[in-house]
Amino acid sequence: MPAERTWHWLQRLFDEQREALLALSALFVFALMLTVFQFGRLDERFREDLQVQAHIVADTAAAAVLFGNAEDASDILSAFRSAEAIEQALLLDASRLALAGYNAPLQARDALLHQWAGIERLSVPVMVKQEQVGELIVHASRIGIWQDLARFVGTATGMLVAALGLAWLVSGRLRAHVRDAERRTRYLAHHDALTDLPNRETFRVALERAAYLSREHQQPAALLFIDLDNFKQVNDNHGHAAGDHVLQVVALRLRALLRPNDMAARLAGDEFALLLQAPVDEAMVQQLATRLVDQLRQPVDEAADSIRARVSVGVALLPQHAHSAEEAMQCADAAMYHAKRQGKDGYQLFSAELGEVLRARLRLELDLRQALQRQQIRLAYQPLFDKEGCLVSFEALARWHHPQRGWVSPAEFIPAAEASGLIVEMGLLALRVLAEDQQAWRARGLDCPPVALNFSSRQGRRPQDRQRFLAALDELGLGPEAVEFELTESALFEDLGTADSMVAQLQQRGYALAIDDFGTGYSSLAYLRRMRCRKLKIDRIFVHGISDSDDARMLVGAIIGVAQAMRMQVVAEGVETAADQRSLIELGCDLFQGFGLSRPLAPDQAAELLRAQQQGQRVSVQAEPA
Ligand code: C2E
Ligand code: MG
Ligand code: MG
């Protein structure tokens, strides 16, 4: 339909050139007003000139009219020949009879033109001594006005067009820049700037479409979720430029593996994903995953000490394992974690067993979310004693009693809380519970020793979470005399470096930090020196049975030596027997924590212990928290 198409074309033109069209319309209205004004001026001058000319001729012809001299009258009228606008003139005598006439010599075309332009009729009396002796009738065409106006409009339009053209030329470059910038912004909104791969959002859209096609049109697809192994170490050991280079090389290699319709994307820091579009089958996907792991493992460049990017890959098939994009991501993610647990540098296909693990994890997450909303997480307090058996401080340990599950071990729910991000809320709830328990102890007239809270790296990963945590500490009045923090080596390691890191901010505010489970992580002396923590807690695997093992004694002795050199207090975790404690005292250990001294206590039991301690009684509490 041509009319409809023209309308669409006009609409598009208007949308694209809105500003230019508006400017042009404004100019057009301005030019129209100028033209109308100019027409008025020219018309006024035309009528004035006509009056003057007619009066001159009427005065000159007065004698000829008075004496009825038609020849003279005709000669006088012929003076109008020089006036282009006058078309006809007629001299009438006193009895209104025609004495002489004048007709301008006109072409037929001009006559039409003059008709169109409009005719002005003027009648002037012929006077002799203030007595009318006749009448001069003049017909003049406005053609001259229109010609003048046309010249004016022509000149004005010419100037406007020239000015517009100049402005258009000058702004052309600017527009090109703006268009480039727009194109770039649009590109960046869908791509990752470092690797040039599509970003998470673009990938999500493609995955959703693939999920739809696999579900509704039986076109199977595959999702490969790729996570670099130990990428943080690459950054720390070789610098960020090297880290960026590794990511770029990974992106190039992923691209090289794909068929034209497939997509590789960078989802986040060291996370990538591949979407293999139909046709796909399990054997082909496994083959590709094997090749992928193998090719990424190759050195990133030719140098002898070149970095190797090793990856763990989780694979999910659509619709076999998942029906939606979100489900596919969860399956591939679960498979990837399994690949990591299997020793990294490999791939894992999602399976029914993994599906069960995933479902169990999701159920646990759901229950935990509810428990947090209902504030069902409590704290148990395990005391730390010195050599003389005096209670020095407590470690607060999260406890969760679920109506159906019963007591859930922290070894189960803490990793789930960390993986789901719920640990952030849990950390905030722990602060509130601790503040309440301490308040209750104080209300019973007890002096509260410092309490150490465990802090997971995930709690301080995002700046807004760090801010909320610090604000909660202030709000609840939990100062450095009331609370300390325990971080594992890996948490410290991840937090390292930035000025606004959690470790830096907590230390700045005077909170004491302890390195938890020392010996099970990196055990790096360099980090120990940089972190300047007040306490070092030796993991219970080194402590257990130390009295019977020379090797364990040697190892713990070495750890204690290092800690003392750095002026750190040493805490032995998991002290279960008096013999082990004696060995630890001999080696120079400062503080002791373990089931052999006291199990974690419910707040009321902890209060009893504090009261006994304040009354100088010998402390021995072996109860489980209720
Ligand atoms: P952790 O910080 O190393 O806490 C010490 C763990 O050792 C506790 O386990 C404690 O009950 C146990 N333990 C103490 N003495 C002995 C002993 O003599 N023998 C044995 N076999 N075990 C002993 P729990 O309460 O199950 O906590 C496990 C881990 O969960 C904690 O290890 C900590 O890493 C984490 N966790 C607990 N509560 C929280 C919390 O509120 N926030 C965070 N982020 N993590 C927490
Ligand atoms: Mg701890
Ligand atoms: Mg520990």
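## Charged pairs, metal sites and surface

In this predicted model, the side chains of R204 and E208 come together in a salt bridge, with a distance of 2.9 Å from N to O. Both residues belong to helix 7, which covers residues 200–216, and they are four residues apart, about one turn of the helix. Neither member of this pair is buried: R204 has a relative accessibility of 35% and counts as partly exposed, and E208, with a relative accessible area of 39%, is partly exposed as well. Side chains of opposite charge can pair when their charged atoms come close. With a salt bridge taken as a side-chain nitrogen of Lys or Arg within 4 Å of a carboxyl oxygen of Asp or Glu, the count for the model comes to 33 salt bridges.

A second pair joins separate loops. The side chains of R297 and D345 form a salt bridge at 3.2 Å, N to O. R297 lies in the loop between helix 10 (282–296) and strand 8 (311–318), while D345 lies in the loop between helix 11 (325–341) and strand 9 (346–349), so this pair ties together parts that are 48 residues apart in sequence. R297 is partly exposed, with a relative accessible area of 24%, and D345, at 23% relative accessibility, also counts as partly exposed.

D345 has a further partner in R310, and the closest N and O atoms of that salt bridge are 3.5 Å apart. Because R310 lies in the loop between helix 10 and strand 8 and D345 in the loop between helix 11 and strand 9, the pair ties together parts that are 35 residues apart in sequence. R310 counts as partly exposed, at 34% relative accessibility. Elsewhere, salt bridges that share partners join D43, R47, E120 and R142 into one network.

Domain 1 takes in 15–190, domain 2 takes in 200–350 and domain 3 takes in 377–614. The centres of domain 2 and domain 3, taken over C-alpha atoms, are separated by 38 Å.

Which residues coordinate the magnesium ion (ligand 2)? The donors are E395 (OE), N454 (OD1), E486 (OE) and D516 (OD), at distances of 2.0 to 2.2 Å. Along the chain, these donors follow the spacing E-x58-N-x31-E-x29-D. Two of them link distant parts of the chain, with E486 in strand 14 (residues 483–488) and D516 in strand 15 (residues 513–518), 30 residues apart. E486 counts as buried at 3% relative accessibility, and D516 is likewise buried, with a relative accessible area of 6%.

E573 counts as buried, at 9% relative accessibility.

Another buried residue is G460, which has a relative accessible area of 2% and is found in the loop between strand 13 (451–454) and helix 15 (463–475). Leaving aside neighbours within four places in sequence, G460 is in contact with F455 and R466. Between G460 and Q17 there are 443 residues in sequence and 49 Å in space, from C-alpha to C-alpha.

The walk ends at the surface. There, F28, V29, L32, M33 and V36 make a nonpolar patch of about 530 Å². One of these residues, V36, is found in helix 2, which covers residues 18–60. Is V36 buried or exposed? With a relative accessible area of 58%, V36 is exposed, because a residue counts as exposed when that value is over 50%.

Note on methods. Residues numbered from 1 in each chain as written. Chains lettered and ligands numbered in written order. Predicted model: local features only at pLDDT ≥ 70, side-chain atom pairs only at ≥ 80, totals over all residues. Heavy atoms only, no water. Patch = residues over 30% accessible without salt bridge, like charges linked within 9 Å, V, L, I, M, F, W, Y side chains within 5 Å. Areas by Shrake-Rupley, 256 points an atom, 1.4 Å probe, with all protein chains shown as cover. Helix = DSSP H or I, 4+ residues; strand = E, 2+ residues; numbered from the N terminus. Buried < 20%, exposed > 50% of the residue type's maximum accessible area, 1.4 Å probe, protein only. Domains from an automatic or database assignment. Donors = N, O, S within 2.8 Å, 3.2 Å for Na, K, Ca; no water. Contact = heavy atoms within 4.5 Å.
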